[in-house]
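We will go from contacts to surroundings to domains.

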Amino acid sequence: MTKYHLIASKACGSMIVEAALALAKLPHEVEMIPYVEPGSQRDRLLALNPLGQVPTLVLPDGRAMTESAAIILHIADMAPQAGLIPAAKDPARPMFLRWLEFIVAAIYPTFSYGDDPKRWAGDEAAGKHLRKATDEHRKELWRYFAAQNPCKPWVLGATFSALDLYVAVMNMWRPGPAWFKKECPALSEIAGRVAKLDALGVVWARNVD
Ligand SMILES: N[C@@H](CCC(=O)N[C@@H](CS)C(=O)NCC(=O)O)C(=O)O
């Protein structure tokens, strides 16, 4: 195989990687699967990534790579001209790293535990509580993120980065675009700007109805 092969699901975290691959212009193909549905596609995903998560990226040499942030860092290594990450000595770099880690280590897990809360909490009532608590916590995290970053025109200010891709995709997730527009308007505007990038037209068409 000479291409990257991305196992993806509509408007999921894989969309962030799909957008990064498009901006990087790396040869790739995207396999959209209903990742939670039992079946041959999920079985193949589980063989590559026993957590059954997307994004799962098969590298040109056949190895599987998971974890969106690691994948983004790898794509930026392969295509530094894409501007996904501020260069090593760019003053924007430390904040990029800080907030990338914040998104994947603090915000993303609120979905991991809230999406299927009964799995973690045991019974229905505890599951409902877990869902509500993680949804509320996420709102605080986004408010904090928006307050700590310039967010005009991009998260880091003048410098576009992969953080903007995360914001654009996660803006579609709970608590949803209307909440972002009202409570974190600068993030909502970033999402709008990213969605209009010509290079991402195919990605948006594939993921958003
Ligand atoms: N830490 C992973 C999280 C990926 C993740 O949770 N993806 C979601 C879809 S957006 C998923 O596969 N959820 C199913 C599960 O966690 O079982 C990353 O950053 O790539």
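A polar contact here is a pair of N or O atoms within 3.5 Å. Keep that cut-off in mind. Remember too that this is a predicted model.

Stop 1: Select the ligand and Q53. A polar side-chain atom of Q53 sits 2.8 Å from a ligand oxygen atom. One of the polar atoms in the S68 side chain is 2.7 Å from an oxygen atom of the ligand. Next, pick Y108. How much of the ligand does the protein bury? Alone, the ligand exposes 500 Å², and the protein buries 85% of that.

**Stop 2: the shell.** Select C12, G13, Y35, Q53, V54, P55, E67, S68, Y108, R119 and W173. These residues surround the ligand. Color them by type: six are nonpolar, three polar and two charged. Now show the pockets. The ligand takes up the space of the largest pocket.

**Stop 3: the domains.** Color residues 4-84 as domain 1 and 93-197 as domain 2. Their C-alpha centres are 20 Å apart. In the contact between them, domain 1 supplies 15 residues and domain 2 supplies twelve residues.

**Last stop: back to the ligand.** Where does the ligand lie relative to the two domains? Domain 1 and domain 2 both give residues to its shell, so the ligand lies between them.

Technical notes
Residues are numbered from 1 along each chain as its sequence is written. This is a predicted model: local features need pLDDT of at least 70, side-chain atom pairs count only at pLDDT 80 or more; totals for chains, interfaces and linings use all residues. Side-chain values use heavy atoms; hydrogens and water are left out. A residue is near a molecule or strand if one of its heavy atoms lies within 4 Å of it. A polar contact is a pair of N or O atoms within 3.5 Å; within protein, one must be able to donate a hydrogen and the other to accept it, and residues adjacent in sequence count only if both atoms are side-chain atoms. Accessible areas come from the Shrake-Rupley method with a 1.4 Å probe; for residues, only the protein chains shown count as cover. On a 1 Å grid over the protein atoms alone, a cavity is a set of points where a 1.4 Å probe fits but cannot get out, and a pocket is an open set with protein on both sides within 12 Å along at least five of seven lines; lining residues have an atom within 4 Å of a point. A molecule sits in a cavity or pocket if more than half of its atoms lie within 2 Å of its grid points. Ala, Val, Leu, Ile, Met, Phe, Trp, Tyr, Cys and Pro count as nonpolar, Asp, Glu, Lys and Arg as charged, and the others, Gly among them, as polar. Domain bounds come from an automatic or database domain assignment. Contact means heavy atoms within 4.5 Å.
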